[in-house]
Amino acid sequence: MNSCMSTPDTLPDAETHSEGFRANRAARQNALVEDYVELIADLLDEGQEARQVDLAGRLGVAQPTVAKMLTRLADEGLVARKPYRGVFLTQAGREMAERVRARHRVVEAFLLALGVSSENARIDAEGLEHYVGAETLEAFQLAMNAGLDQFMLKARGDRRRHT
């Protein structure tokens, strides 16, 4: 048996355990940046301007908080700011937004296939999209391609008959 293998009731070895915490911290640090970039892309793609006031309202934060993040995003080369015109994505920002959207779509579709309501799937996917890795996303997609939604419909139907 592999030393890094564990059962649900035992702790994994220290290296494996710390790897999970490191990945979680990295995802947490990137989540906010990804949320801003994705929202900016959504607003621009809807034909709207991505203005500081719009971002603040949609994210439920104060405008100074948005201003600080926009400075960070500009410093990281993800957005360009034009006076009196709002915020625009750079090529790097657009690529990040597309990656985040793709993850979001897979996570939300997976939750819907499980039978989670549309509203809760949208809300939960907004958080989960930042924390799932490539292997997990591939497993979600594989499960959906294999008919997870039909399996879950049957499971819910079978459960109802037994209760």
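Visitor: In which strand is alanine 80 placed?

Guide: Alanine 80 lies in strand β1, residues 79–82. Strands (E, at least two residues) and helices (H or I, at least four) are DSSP runs, numbered from the N terminus. The model is predicted: local features need pLDDT of at least 70, side-chain atom pairs count only at pLDDT 80 or more, and totals for chains, interfaces and linings use all residues. Residues are numbered from 1 along each chain as its sequence is written, and side-chain values use heavy atoms, with hydrogens and water left out.

Visitor: What does alanine 80 touch, not counting residues up to four places away in sequence?

Guide: Contact means heavy atoms within 4.5 Å. On that basis alanine 80 touches Gly86, Val87, Phe88 and Thr90.

Visitor: How do I read accessibility: does alanine 80 count as buried, partly exposed or exposed?

Guide: Buried means under 20% relative accessible area, exposed over 50%, and partly exposed in between (1.4 Å probe, protein chains only). Alanine 80 has 33% relative accessibility and so counts as partly exposed. Glutamate 34, in helix α1, has 11% and therefore counts as buried. Leaving out residues up to four places away in sequence, glutamate 34 touches Met96, Val100, Arg103 and His130.

Visitor: How many residues does the largest nonpolar core have?

Guide: A nonpolar core is a set of buried Ala, Val, Leu, Ile, Met, Phe, Trp, Tyr and Cys residues joined through side-chain atoms within 4.5 Å. The largest here has 21 residues, and those with the most contacts inside it are Val33, Val37, Ile40, Leu55, Leu70, Leu73 and Leu89. Two or more residues each come from α1 (14–45), α2 (52–59), α3 (63–75), β2 (86–89) and α4. The most come from α1, which gives 7. Leucine 55, setting aside neighbours within four places in sequence, is in contact with Leu39, Ile40, Leu43, Val66 and Leu70. A second, separate core has 13 residues, including Val107 and Phe110.

Visitor: At what angle do α4 and α5 pack?

Guide: Two packed helices are described by the angle between their axes and the distance between the axes. Axes are lines fitted to C-alpha atoms, for helices over the stretch in contact, and angles run from 0 to 180 degrees between N-to-C directions. Helix α4 (residues 91–114) and helix α5 (residues 118–128) pack at about 140°, with axes 8 Å apart. Angles under 35 degrees count as roughly parallel, over 145 as roughly antiparallel, 65 to 115 as roughly perpendicular and the rest as oblique. The pair α4 and α5 is therefore oblique.
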